[in-house]
Amino acid sequence: MTDLSKYRNIGIFAHVDAGKTTTTERILKLTGKIHKTGEVHDGESTTDFMDQEKERGITIQSAATTCFWKDHRLNIIDTPGHVDFTVEVYRSLKVLDGGVGVFCGSGGVEPQSETNWRYANDSEVSRIIFVNKLDRVGADFLRVVGQVEEILGANPLVMVLPIGIEDDFIGLVDLLTRKAHVWPDPNNREVFELRDVPEDMVDQVEEWREKLIETAVEQDDDLMEAYLDGQEPSIDDIKRCIRKGTIALDFFPTYCGSAFKDKGVQLVLDAVVDFLPDPTQVDAQELMDEAGEPTGEVAKVDANEPFRALAFKIMDDRYGALTFIRVYSGKINKGDTILNSFTGKTERVGRMVEMHANDRNEFESAQAGDIFAIVGMKNNVQTGHTLCSPDHPCTLEPMVFPEPVISIAVAPKDKSSVEKMSIAIGKMVAEDPSFQVETDEDSGETILKGMGELHLDIKVDILKRTYGVELDVGAPQVAYRETITQEIEDSYTHKKQSGGSGQFGKIDYRIKPGEPGSGFAFTSTVVGGNVPKEFFPAIEKGFEGMLEHGPIAGFPVLDIEVELFDGGFHAVDSSAVAFEIAAKGAYRQSMPKAAPQLIEPIMKVDVFTPEDHVGDVIGDLNRRRGMIKSQEPGPTGVRIKAEVPLAEMFGYIGQLRTMTSGRGQFSMEFAHYLPCPQSVSDAVVEAEKERQERKAKG
């Protein structure tokens with residue numbers, strides 16, 4: 001049996017351009033997995049293997065690789081930083097036991113860092129922090145440490161201090177050992193020397209070392225008492241306390257360096273081994289019943305338990321479909337039959353492969369704690385499905401993905417591309433749960449839905465280049481929604497006689513606005529049996545089924561409550577179907593009377609601009625109906641946080657670059673829905689009406 005204490009399942013995550021992929025490259029080089037490091041800016045990194053990733057210098061999909069450090073097996077997932085691909089971060093964190101949060105030494109805690117940190121908090125993933133790019137202009141390690149405390153509300157435990165900064169950054173001091181790691185020759189990055197602490201840093205090192213020990217010994221009452229009595233604990237005892245506190249999320253060991261110049265990554269690898277948990281030290285995954293409620297049982301991390309695993313990523317490549325899985329309990333062998341508890345279908349395990357980005361090594365068996373891929377699963381396995389032993393069916397906690405906020409219409413340029421596009425889109429939807437596709441029944445148009453302009457831009461590029469589908473692409477469309485603003489009390493009777501038995505269902509109901517984000521809620525306060533309870537589900541189904549089409553322009557309806565308070569039934573003619581039809585009629589009758597309103601997606605926008613251009617940027621955001629929330633000056637520019645309607649943000653990156661001479665950056669993510677101004681609402685309704693008329697004419 002494999003020793004699980006030697007396993008570390010970790011992810012590397014951060015804001016776009018903080019250096020995650022470069023850090024991963026250095027880790028692979030240091031662990032001997034690769035012999036030449038590929039640079040992101042040259043399009044040669046190991047884990048950015050898609051054409052689109054190489055060209056744009058960003059990570060789009062998470063990549064998995066395995067390497068070894070000090071007799072420990074590290075399963076590493078390099079995740080994207082761009083907000084449009086956060087689903088990749090979310091689903092990776094879901095199956096990992098620990099993480100390395102990378103922050104830029106000059107940029108600090110950037111917008112996507114906050115989102116990823118929040119995801120990691122939600123998944124209760126232990127983390128260490130690596131403040132990268134200390135050789136950059138404006139880098140300041142302790143300023144970033146302060147931002148981690150203030151912006152993320154986290155407790156960074158400083159483990160090292162840099163020697164020099166920016167161009168003078170030559171190494172760092174390990175506070176535990178009081179040893180300086182110095183890289184004396186900039187042309188030979190792999191050779192470093194251990195030296196004594198520089199004289200001008202002795203006082204600073206002692207001050208921070210004291211803080212480190214004081215924080216660590218809080219994890220052990222006996223050590224704390226001894227320390228207060230003047231007895232310093234051994235380094236092994238301090239490390240044990242740091243490991244305990246890291247796993248408990250009490251603090252986050254914080255390192256620094258420059259991955260590009262090979263400085264400091266060795267200490268991060270040591271920290272992964274020393275402080276991040278092995279698979280047995282994290283809370284076991286809960287098992288769910290069919291309704292998604294916890295059963296009280298858990299998937300115990302043990303090779304002798306029944307097999308239970310989660311499919312967390314589907315990927316299609318030149319060798320066929322790959323299903324990435326994390327095994328939580330039990331073991332699996334090539335040739336075994338496993339059950340997909342979501343579809344109820346069984347599957348025979350063919351080839352099992354250990355991934356190294358887009359290369360693979362085949363093997364025969366795996367066990368609890370392993371992350372690997374199965375090649376060519378047949379029965380429509382999707383992200384979030386549970387795979388388990390047919391003798392012990394179970395469901396692990398599923399994944400929940402955000403709804404898309406933007407869509408475009410696409411059409412193949414020629415008939416030969418129609419089938420090709422259909423097959424390609426099917427594969428892409430399986431790979432990315434935040435990418436959705438629907439066909440407009442009237443016009444026959446294919447509508448692609450995603451998380452942002454870049455997200456859909458990449459998808460269209462993949463369709464064109466990877467799958468060879470030539471497309472005509474429409475303008476981006478905003479995912480408008482509708483809601484109501486007034487409560488209405490009404491009554492509706494469905495009555496139909498057609499020889500023999502008829503249909504009868506009478507409902508008295510209230511429709512009222514719900515809390516933002518509450519969705520649809522149905523309650524019943526009927527007393528005295530005027531509407532028998534067995535018809536309640538049919539009434540709820542009738543109302544819920546109509547929410548796809550709002551009364552203003554046919555957009556889906558959000559956040560309404562329906563209360564059934566009275567009604568009537570007929571002993572012979574009433575049926576579930578009659579009450580469902582009554583609910584649909586009631587919806588059509590009452591929704592237009594409840595002061596319906598068009599609502600639009602509002603995006604949380606985070607803009608970085610040099611100080612000279614702040615006025616231009618704010619003026620432009622105001623013209624886009626933006627609400628400025630805050631301005632935060634930094635060493636290299638100003639961060640402006642605002643909330644802006646998505647409809648006003650198309651093409652923003654071009655405008656921002658023009659205003660800031662190419663130096664501005666921004667990211668955005670969905671925040672919430674808000675009512676549209678009347679002028680915007682009228683224009684949207686008019687445009688939708690024209691679209692429907694064009695469709696009707698064919």
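Predicted model: local features only at pLDDT ≥ 70, side-chain atom pairs only at ≥ 80, totals over all residues.
Helix α5 is followed by Gly153, whose phi is positive, near 65°. Several residues of α5 are buried, among them Phe141, Val144, Val145 and Leu152. Gly146, Gln147 and Val148 are also on the buried list.

Next, let us turn to a sheet. Strands of a sheet pair through backbone hydrogen bonds, either parallel or antiparallel. Here, three strands form an open sheet in the order β13-β12-β24, and the pairing is antiparallel. The edges are β13 (294–299) and β24 (395–396), each of which pairs on one side only. Strand β12, residues 285–288, meets β24 in the antiparallel sense over two bridges. Within that pairing, Leu287 has Leu396 of β24 as its bridge partner.

Now for the aromatic side chains. Across the whole structure, a search finds seven aromatic pairs. One of them joins Phe363 and Phe372: the ring centres are 5.5 Å apart and the planes stand at 80°, so this pair is edge-to-face. Phe372 counts as buried because its relative accessibility is 2%, under the 20% cut-off. Another pair is Tyr509 with Phe543, where the centres are 5.8 Å apart and the planes at 65°, so it is edge-to-face too. Tyr509 sits in strand β32 (residues 503–513) and Phe543 in helix α12 (residues 536–545), so this contact ties together parts that are 34 residues apart in sequence. Tyr509 is buried, with a relative accessible area of 1%, and Phe543 is buried at 1% as well. Elsewhere, Phe103, Trp117 and Phe252 make up one aromatic cluster.

Rings also meet charged side chains. Lys211 lies over the face of Trp208, 3.8 Å from the ring centre. Arg510 takes up a position over the face of Phe565, at 4.2 Å from the ring centre.

Finally, a word on the cysteines. How many disulfides does the structure hold? The count is zero. Cys256 counts as buried because its relative accessibility is 1%, and Cys676, at 10%, counts as buried too.

Technical notes: Residues numbered from 1 in each chain as written. Heavy atoms only, no water. Disulfide = S-S within 2.5 Å. Buried < 20%, exposed > 50% of the residue type's maximum accessible area, 1.4 Å probe, protein only. Helix = DSSP H or I, 4+ residues; strand = E, 2+ residues; numbered from the N terminus. Pairing = 2+ DSSP bridges. Phe/Tyr/Trp six-rings, centres within 6.5 Å; stacked < 30°, edge-to-face > 60°. Lys NZ or Arg CZ within 6 Å of the ring centre and 35° of its normal.
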